[in-house]
Amino acid sequence: MITLKKKQKVPLTVWKDGTIRVKGICLLIDMIVGAHNRGECPEEIHDLLPSNDYTVADIYLIIAYYLKNKAKIDIYLAKREREAERFWKTLEDDEKYQARITELKNFKKKN
């Protein structure tokens with residue numbers, strides 16, 4: 001007779017900086033959820049973000065966790081997006097970084 005695991009651990013952890021990442025590596029939940037929300041399947045996500053430190057099954061667990069906690073994770077992701085916008089604004093206002101930012105914007109336009 002088969003015995004089923006009642007609970008499976010989601011391979012996520014919160015770092016000291018408050019970011020949610022895949023356990024054991026620095027891959028952010030933001031990247032996995034973003035790819036999922038763009039319509040990519042777990043296998044595609046794993047291929048896009050290859051690592052021997054997690055499996056396709058881990059991606060499924062993370063997406064399932066996201067879907068069960070969507071409201072809370074979406075709030076977290078929105079906060080992270082606002083923080084990123086403030087960070088980029090700070091860099092754009094700093095003369096030391098303006099030339100490099102222009103280069104990056106031009107590169108992005110070309111590709």
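Which residues is Ser51 in contact with, leaving aside its neighbours within four places in sequence? They are Ile25 and His46. Contact here means heavy atoms within 4.5 Å. The model is predicted: local features need pLDDT of at least 70, side-chain atom pairs count only at pLDDT 80 or more, and totals for chains, interfaces and linings use all residues. Residues are numbered from 1 along each chain as its sequence is written, and side-chain values use heavy atoms, with hydrogens and water left out.

Confidence is given as pLDDT, the predictor's score for each residue from 0 to 100. The protein has a mean pLDDT of 88, and 95% of its residues reach 70 or more. Helix H1 has the highest confidence, at a mean of 96. Helix H5 (residues 95-110) has the lowest, at 77. Where pLDDT is low, the predicted coordinates should not be read in detail. Helices (H or I, at least four residues) and strands (E, at least two) are DSSP runs, numbered from the N terminus.

Ser51 lies in the loop between H2 and helix H3 (56-68). Ser51 counts as buried because its relative accessibility is 19%. The cut-offs are under 20% relative accessible area for buried and over 50% for exposed, with partly exposed in between (1.4 Å probe, protein chains only). A polar atom of the Ser51 side chain lies 2.9 Å from the backbone nitrogen of Asp53.

His46 belongs to helix H2 (residues 42-48). His46 is also buried, at 16% relative accessible area. Its side chain has a polar atom 3.2 Å from the backbone oxygen of Tyr54. Not counting residues up to four places away in sequence, His46 touches Ser51, Tyr54, Thr55, Val56 and Ile59.

His36 sits in helix H1. With a relative accessible area of 24%, His36 is partly exposed. Beyond its neighbours within four places in sequence, His36 is in contact with Ile45, Ile63, Tyr66 and Leu67. The C-alpha atoms of His36 and Glu83 are separated by 22 Å, and the two residues are 47 apart along the chain.

Glu40 occupies the loop between H1 and H2. The side chains of Glu40 and Arg38 are joined by a polar contact of 3.4 Å. A polar contact is a pair of N or O atoms within 3.5 Å; within protein, one must be able to donate a hydrogen and the other to accept it, and residues adjacent in sequence count only if both atoms are side-chain atoms. Leaving aside neighbours within four places in sequence, Glu40 is in contact with Ala35, Ile45 and Leu48.

Ile20 is found in strand E2 (residues 20-22). Ile20 is buried, at 14% relative accessibility. Its contacts, leaving aside neighbours within four places in sequence, include Leu12, Leu28, Asp30, Ile73 and Tyr76. Ile20 and Ile73 are 53 residues apart along the chain, with their C-alpha atoms separated by 9.6 Å.

The largest pocket has a volume of about 250 Å³. On a 1 Å grid over the protein atoms alone, a pocket is an open set of points with protein on both sides within 12 Å along at least five of seven lines; lining residues have an atom within 4 Å of a point. Grid points are joined across faces, edges and corners, and a volume is the space filled by probe spheres set on the points. Among the lining residues are Leu28, Asp30, Arg38, Arg80 and Glu81. Helix H1 (29-37) and helix H4 (70-93) are the elements that give two or more residues to this lining.

Technical notes. 1 Å grid on protein atoms, 1.4 Å probe; cavity = no way out; pocket = protein on both sides within 12 Å on 5 of 7 lines; lining within 4 Å.
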